[in-house]
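Me: Please take a close look at one interface between two chains for me. I would like a connected account, with the cut-offs spelled out.

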Protein chains: 10
Amino acid sequence: MTDDIMTRDDVTVLVLAARKRKKLSWETIAAEIGMSPIWTHMMATGMGACPKDKAEILGRLLDLPQAAVEELQECPSKDWNRDIPTDPCIYRLYEIAGVFGPSFKAMVHEMFGDGIMSAIDFDMVVSKVEDPKGDRVKVEMTGKFLPYKKW
Amino acid sequence: MTDDIMTRDDVTVLVLAARKRKKLSWETIAAEIGMSPIWTHMMATGMGACPKDKAEILGRLLDLPQAAVEELQECPSKDWNRDIPTDPCIYRLYEIAGVFGPSFKAMVHEMFGDGIMSAIDFDMVVSKVEDPKGDRVKVEMTGKFLPYKKW
Amino acid sequence: MTDDIMTRDDVTVLVLAARKRKKLSWETIAAEIGMSPIWTHMMATGMGACPKDKAEILGRLLDLPQAAVEELQECPSKDWNRDIPTDPCIYRLYEIAGVFGPSFKAMVHEMFGDGIMSAIDFDMVVSKVEDPKGDRVKVEMTGKFLPYKKW
Amino acid sequence: MTDDIMTRDDVTVLVLAARKRKKLSWETIAAEIGMSPIWTHMMATGMGACPKDKAEILGRLLDLPQAAVEELQECPSKDWNRDIPTDPCIYRLYEIAGVFGPSFKAMVHEMFGDGIMSAIDFDMVVSKVEDPKGDRVKVEMTGKFLPYKKW
Amino acid sequence: MTDDIMTRDDVTVLVLAARKRKKLSWETIAAEIGMSPIWTHMMATGMGACPKDKAEILGRLLDLPQAAVEELQECPSKDWNRDIPTDPCIYRLYEIAGVFGPSFKAMVHEMFGDGIMSAIDFDMVVSKVEDPKGDRVKVEMTGKFLPYKKW
Amino acid sequence: MTDDIMTRDDVTVLVLAARKRKKLSWETIAAEIGMSPIWTHMMATGMGACPKDKAEILGRLLDLPQAAVEELQECPSKDWNRDIPTDPCIYRLYEIAGVFGPSFKAMVHEMFGDGIMSAIDFDMVVSKVEDPKGDRVKVEMTGKFLPYKKW
Amino acid sequence: MTDDIMTRDDVTVLVLAARKRKKLSWETIAAEIGMSPIWTHMMATGMGACPKDKAEILGRLLDLPQAAVEELQECPSKDWNRDIPTDPCIYRLYEIAGVFGPSFKAMVHEMFGDGIMSAIDFDMVVSKVEDPKGDRVKVEMTGKFLPYKKW
Amino acid sequence: MTDDIMTRDDVTVLVLAARKRKKLSWETIAAEIGMSPIWTHMMATGMGACPKDKAEILGRLLDLPQAAVEELQECPSKDWNRDIPTDPCIYRLYEIAGVFGPSFKAMVHEMFGDGIMSAIDFDMVVSKVEDPKGDRVKVEMTGKFLPYKKW
Amino acid sequence: MTDDIMTRDDVTVLVLAARKRKKLSWETIAAEIGMSPIWTHMMATGMGACPKDKAEILGRLLDLPQAAVEELQECPSKDWNRDIPTDPCIYRLYEIAGVFGPSFKAMVHEMFGDGIMSAIDFDMVVSKVEDPKGDRVKVEMTGKFLPYKKW
Amino acid sequence: MTDDIMTRDDVTVLVLAARKRKKLSWETIAAEIGMSPIWTHMMATGMGACPKDKAEILGRLLDLPQAAVEELQECPSKDWNRDIPTDPCIYRLYEIAGVFGPSFKAMVHEMFGDGIMSAIDFDMVVSKVEDPKGDRVKVEMTGKFLPYKKW
């Protein structure tokens, strides 16, 4: 990490450190740039490109150097670390894909025909549902249906 | 597959063949046993145990032999075939866990503290959202938040 | 493989045997159903769902039983056998993804921004280019550009 | 990275930083050295050897030190990072090899006999096709057909 | 590791070094913060979030800087290093899961029905059982039973 | 599976079918041969050798042919199917080994010195603990401590 | 394996059985069809397509049914079983690729520039070299040099 | 890399840098120490131990410090980086082991009986064969035949 | 398994069944053919070729058909099932290679120089050592030292 | 590596450097501390805990700092680098486990019943056997037999 050569990983380190130092929640950061918390976290930790105006607000909010503000606007390599996640919180999403994936697939085909739910033209919201038997995590996702082209 | 020895995989084969022969949708089968389509498909294809009364309705609806009706009530091995799914429709769920998983984790911790969303005390609904720019697949999931025990 | 229970793999075996017995090229089969050879082969060997009218032509052309004609119209599991292909002809496509993939990605982002080329809303044509220094295989693919949604 | 010992990875870092600092597109860089953008990016990021004259132009264009200009002319190790790519944009190429690979293979054999499309005597062009239903990424590749030797 | 940017791994290094320098056992450290040794070790080496008051005691006991005390209160990424453990002491736990896992599963289903023992709402105690034929390691674990939701 | 050639897998199939047909719990079967349920299930499903007298009781209880009674007394290959278990109930044991394994190891070394808990001279009991906040699965294991030999 | 449906694996089984029954060496079989032993074995066990005239000689020599003679002329899937070979005789070739591969690569680049030795336009001969200190296996391979295309 | 502690990897870095700086080919370096190029490259890049006299010549030729000259004489760990090589030039050797390995094995057994070609008592020469249809890479290897001991 | 087509796996099944039916120990079978028990078991279960005279004795001792006696004399594919063994008894050998392997390597190099212990010109004896603190398994192996060739 | 924070890997680097600088063989070092060479190497390179008195002798012999002497007495993580070893000298041990492992297992069960040879209560000696046909490496190992507990 130098003035001249700053990778996306360097930017992520700066973002996380600034957030902790300034005691900001992701909810607050997201509100500042007018986006949802999931998208904001994903982009700010290196999984998406940021529009110029929002990168500049983020830069001011988190005291980022100009090189970081520019790097945030690049299209990053969206690689992830482990083929099979080990962190228990993320593993549960993977287990859901394994246990419920074929049922999800059956319903998509029954409702839409041969194709998939896009993971690109896609959004996700996470919220808390209070419940006397124990609060619940709610996840809502929508993705554009893409039918297989026939040619 | 004999009268005496019937595995859960044998039952799945019988279920899928009967459904095709009788031209029933999963939506219809689910309504017949009073459950949701995702749960019904998951259970009927070997990823869950079926209560006795519902197994009997399913047996009558799909002309299953008694041994199959009983096997449906057993707790199955919920193994899945491929560590990294290759079917494009299921892979997208896996990619979502990879790309958006860390952001999901960050929001869970911000809202609830250290813990996970259960994949067991869990439900999922898939529906269609009509959209002039292209219909969307909507997935809603809720799972009980489980805080890490401290002792 | 019985009259009642026929999997997609059974259908593929029947299709390949009939094609050899009747000495038909994929080019001919594709012309009979009015589609391209790549799509025809992909669908007829279990990687895609076939519209009803084309499945019936295929059934007559290859003397398939009615159960096979119906199975061809289902949405199949598009699983493939080996994470890293070993057949040299297919491996070369994998090597291309490894060696040229990052350059492909750079050009997509430079031309379109953050997003991907769809592998679903996608077509591929393979042809022969005669060349005195040795004939060349030509592959042309187009896929819809999908920009990452921001929300 | 010292004056004396500079690896190909060091050169890639210098190239990417200079390109960002000088705000040059790959299209422009490629035009400067009279080559295609895909080849230029592939070579400049460590997947190919550069002819001496083009390395020198590149050095002047990007202010590279002489050691980098020389390293660019070496035959690099063309290793890639992940057996199964995780970046969604590159993964789609891998999925295409999985889903369409056997059909590609069938057509190559039908048109040419037993052999492969070379991934070495090979070229690739990526372009944009405007389309009212959504612009498309177009990929054109040609590779020399290599018949299996018989001896 | 700087004053400003301290990762959880940095904290673990500091904790282990301080413990060795001060010649404290885990039993003692656990007693100081009023928790069990297993939980204390797990949390202090980066697998759990620490309540504020206990983090402060730990900070004083081990002379940790304030940034480390704060980092201990964050929810960490609970990743582990090797899919298949190689250290013989940990491998034996993995072998137990392989050899006795299906029997454990059969008893859970026989006693409780379809569901799992939680690994989150979970505790573990390790103790020594003296035995003239050779002392034994005793492990006691309890985890909440979670029944699969039906919906 | 013939009269003459019966593998251990064949015996497991016979055991599981007989148990279901006769509606016996593992608790009952274990009591009949005077052993614990975990050991009984493990041995009867192919992970251990059975003493002659207990194999004969089992044979009478489950109507097993003589060849099966003899096969039960052989030392089996204790191979398991999946390096990383996917069944959620067994996976949790694997996750425990990942998340809590290093802490278990630390306590074993602190109490006993350099060595391991044997997974061979080992026993395990699973029981139910009633709890108003939700019943708990209790697992008790003891294994002989084996110190590393020095020579 | 039926009269109508014969896979390449079926043909391999027939070839190996006939060879053993007729006590023919590969050297003899190769001489009969006028090819080298390595190519003959490779093709006859499913790794290459056979010209029509040679397939017919092979059919007469080994009493193969007509369906087998035809199947031998198809372009097979050249898949192999194990990513990392375990048979010690084949593993040594893999070890040679690991230990000597980088040196082989260095010499190819020093002599020819950036490119590869083709494994398709390729031949291999194995022979015995008598030596008083122990006979030696000699392997001679030639493959066309393919330079990377630049465009 | 210090005066006192120099690993074999450090020596390899020094060797490669010196070779480039002094513009020496492997052919020349090999001639200087009176060995073949393949052996010289393999040893000088960390895959073999060097006799004292040759290490000293190499030290003078490449201006290596005394610690490097000594390290070259040690027996190195001959680990290689990737189980399945990705560099196309080395991958082709791996593909040859996969496609032609079983045929190589069949010929070894036919000529010598049960045993292997040693990869230790082994030599390899790479040369260029000029050919109007395209120059060819020639690889000649001999390895001592080792029969399986019977006892 | 037919009269005409018998694989080595078929022979192994016959051998194991005959041994159990005739209640012969490996020690006895080995003595009958005048070889060691380890070699006898290895060869008779498909990991080695058997000399003709010993194959015939084995055939008479175990009532094997003539086709099996001939198959025993072939050089088998010595593939094994699992890259990382899971059976605890075999896993311990693998763990020994992991934990003690580098020390074994250091001693081989210190005593012999750069090279290996052959696993082909190799023998192994297993015996029981009575010991009041618990009987011990003794394994003695010798393998020819093979020095790396220099050329 | 600082005065305060020294890992076991740091100690290994110091030990290996001191041994080379002082030109000591493992045989000599082992004799100095009154232990066998295999155990000494294993412990001194991070695979075992060292008794206090021997650690102090080692410290004086190799001029180790006090922090290293203390670290040698800790119970280390006995992780090894590669699931499937690639160094040819260590790989041969792995191949022995693969090829001869099932025969070793058969003899253990025939002599001792169901159980394993301990890899913890275990010793190993490597020596040289002179032989006119080529010297041999001799490996002698004994491990306590551990019978599976029945409960």
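Reply: Happy to! Two strands count as paired if DSSP finds at least two bridges between them, and strands (E, at least two residues) and helices (H or I, at least four) are DSSP runs numbered from the N terminus. This is a predicted model, in which local features need pLDDT of at least 70 and side-chain atom pairs count only at pLDDT 80 or more, while totals for chains, interfaces and linings use all residues. Residues are numbered from 1 along each chain as its sequence is written, chains are lettered from A and ligands numbered from 1 in the order in which they are written, and side-chain values use heavy atoms, leaving out hydrogens and water.

Let's start with the strands: β2(G) runs antiparallel to strand β2 (residues 136-147) of chain H, joined by nine bridges. Within this pairing, Met141(G) faces Val139(H) of β2(H).

Zooming out, 64 residues of chain G are in contact (heavy atoms within 4.5 Å) with 64 residues of chain H. The two chains bury about 6,600 Å² between them, 71% of it on carbon and sulfur atoms; buried area is the accessible area (1.4 Å probe) lost on putting two parts together, summed over both.

Charges take part too: eight salt bridges (a Lys or Arg side-chain nitrogen within 4 Å of an Asp or Glu carboxyl oxygen) link chain G and chain H. One of them joins Arg19(H) to Glu110(G), with the closest N and O atoms 3.6 Å apart. On chain G, the elements giving two or more residues to the side that touches chain H are α2 (26-33), α3 (37-47), α6 (88-99), α7 (101-112), β1 (115-129) and β2 (136-147).
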